[in-house]
Amino acid sequence: MENCLYYGDNLDILRRYVGDETIDLIYLDPPFNSKATYNMLFEEHDGTKSAAQFQAFEDTWHWDHSAAAAYQEVAERGEKISQAIIAMRQMLGDTDMLAYLSMMAIRLIELRRVLKPTGSIYLHCDPTASHYLKIIMDMIFGSQFFRNEIAWSYKRYTASSKAFQRLHDTILYYVKSDEAIFNVIRNEYGEKSGKADSHYKQDESGRWYRWQKRAGKEPYKIFLSEAGRRIGDVWDIPIINASAKERLGYPTQKPETLLERIIQASSNPGDLVLDPFCGCGTAVVAAQKLGRRWIGIDITHVAITVMKKRLIDTFEPDPNFIVIGEPTTVEDAAELAQSDPYQFQWWALGLVGARPIEQKKGADKGIDGRLYFHEMDGGETKQVIFSVKAGGTNASHVRDLHGVIDRENAAIGVLITMEEPTKPMRSEAASGGTYTSPWGVHPKLQILTVKELLEGKKIDMPPVHQVNVTYKRAPKQKKKGGQPELL
Ligand SMILES: C[S@@+](CC[C@H](N)C(=O)[O-])C[C@H]1O[C@@H](n2cnc3c(N)ncnc32)[C@H](O)[C@@H]1O
């Protein structure tokens, strides 16, 4: 089976596509109900962070119809978890917290179903809801299968408050049965601390060893990897700082080292790893680097676009994955345009590699996306601006775009439309003039239909290698299948 990236709600995807007892390891990092709205920070064309932030997903869950439906379904199962959720409703009332817990419970039930008897699950959360989630996990997986509450501890600057600084996340680790895979991981940190350096030498393959003396017998070799201490449940792993190479600008991106540790401990090469809330894909990239197969699910096109790029950049020339659930036909695209115009917009902009723009900002009025390029290395930064129309379009949209091109001093403006453009629209675009680059003459006003984009038609603009990356490039994997060094 190929590695698979699904666009959609994980509850739906799990039910539709993931069979019973097929997964070896699950890592999930759901939004935390922290009432914050995380913003996507895109790389700005000059290398500084963009001030125009874009909402990648709303980290809030509301008590609404779908939460109530999830609650009802869990409450009616007649299992231990049903009693727990009913009790939680009595405790919490019809609050957003109950909404969050109901949505999590229904998904965790599904996750247990897909896990193999030898499988493990790691639920990444924070103090906002970890205490409630542990009860839910106990009820679904069984308290006898709770293994650890891992504290992922990190350093960061926090706002001053009359409390201790919050410097850890919680990861709840459960197994499906006592047969679960567990590979002991030892702490090799000693070799770098200076203490061990004087005793240990490195052999040709890079492994650290020392000779252990024995009275009256030949000394024998001890490898540090086997001699180190078994790691505990407090993991000191740095967060991804602002200048880290692996940082992609996706909010809540987790460090690969964290995921590598989980994957190494609870799976073996060839095993199948699932991340149902996969964001910018840290778990799936770590899984692939370690020779595991994977399934990733996310509900936003922004996440899917960032992940596709990250996988391609990291594993070129053989990224080896497929995407399911993205529109591949005009009918699919029309369906998306109708059901969710924003998702449609993000998806369409992803097709041309453009960056979505937050709509609320007055300064960006009339622009849905942007793409920057340089005519020559180090030359002036030019921009292509985009307007995306999910529904009906007419000549006034083309005229408006013309006005925005002038206002923004953009090189090219592109109208992406679901519908076929009318004749007046075509002639309005044709009278938009041209932009001359060292590569030739390009129409200043271009109209591209979704059908054309799906058929591979491109914007008429200077060649792609001159275009500055909109999403930051992920560092390429150094050694295929190699085991990364542990902290
Ligand atoms: C905290 S982020 C995960 C970050 C990820 N661990 C990483 O390192 O990039 C949570 C992700 O869950 C996604 N999400 C939220 N609700 C979802 C749902 N019902 N189904 C699938 N994905 C969902 C969000 O779009 C977001 O990308």
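This dialogue reads several features of one predicted model.

Q: How are residues numbered, and which features need a pLDDT of at least 70?
A: Numbering starts from 1 along each chain, as its sequence is written. In this predicted model local features need pLDDT of at least 70, side-chain atom pairs count only at pLDDT 80 or more, and totals for chains, interfaces and linings use all residues.

Q: Which residues come nearest to the ligand?
A: A residue is near a molecule or strand if its C-beta atom, placed from the backbone, lies within 6 Å of it. Of the 20 residues around the ligand, the nearest are Asn10, Asp29, Phe277, Gly279 and Thr282.

Q: How does the shell around the ligand divide by class?
A: Ala, Val, Leu, Ile, Met, Phe, Trp, Tyr, Cys and Pro count as nonpolar; Asp, Glu, Lys and Arg as charged; the others, Gly among them, as polar. The shell has ten nonpolar, six polar and four charged residues.

Q: What is the order of the sheet that holds β10, and is the pairing parallel or antiparallel?
A: Strands of a sheet pair through backbone hydrogen bonds, either parallel or antiparallel. Strands (E, at least two residues) and helices (H or I, at least four) are DSSP runs, numbered from the N terminus. Two strands pair if DSSP finds at least two bridges between them. Here three strands form an open sheet, β9-β10-β11, with antiparallel pairing. β9 (201-202) and β11 (217-223) each have a single partner strand, so one side of each is left without a neighbour in the sheet. β9 pairs with β10 (residues 208-214) over two bridges. Gln202 has Trp208 as its bridge partner in β10.

Q: Which strands stand at the edges of the five-stranded sheet?
A: The order is β17-β18-β19-β20-β23, an open sheet with mixed pairing. The edges are β17 (355-356) and β23 (445-449), each with a single partner strand. β20 (residues 412-417) runs parallel to β23 over five bridges. Thr417 bridges to Thr449 in β23.

Q: Is Arg156 buried or exposed?
A: A residue is buried if 20 or more other C-beta atoms lie within 10 Å of its own, exposed if 12 or fewer, and partly exposed in between; C-beta atoms are placed from the backbone. Arg156 counts as exposed because it has 10 such neighbours. Arg156 is in the loop between β6 (146-153) and β7 (168-175).

Q: What does Arg156 contact beyond four places in sequence?
A: Two residues are in contact if their C-beta atoms, placed from the backbone, lie within 7 Å. Arg156 contacts Leu167 and Ile239. The C-alpha atoms of Arg156 and Ile239 are 7.8 Å apart, across 83 residues of chain.
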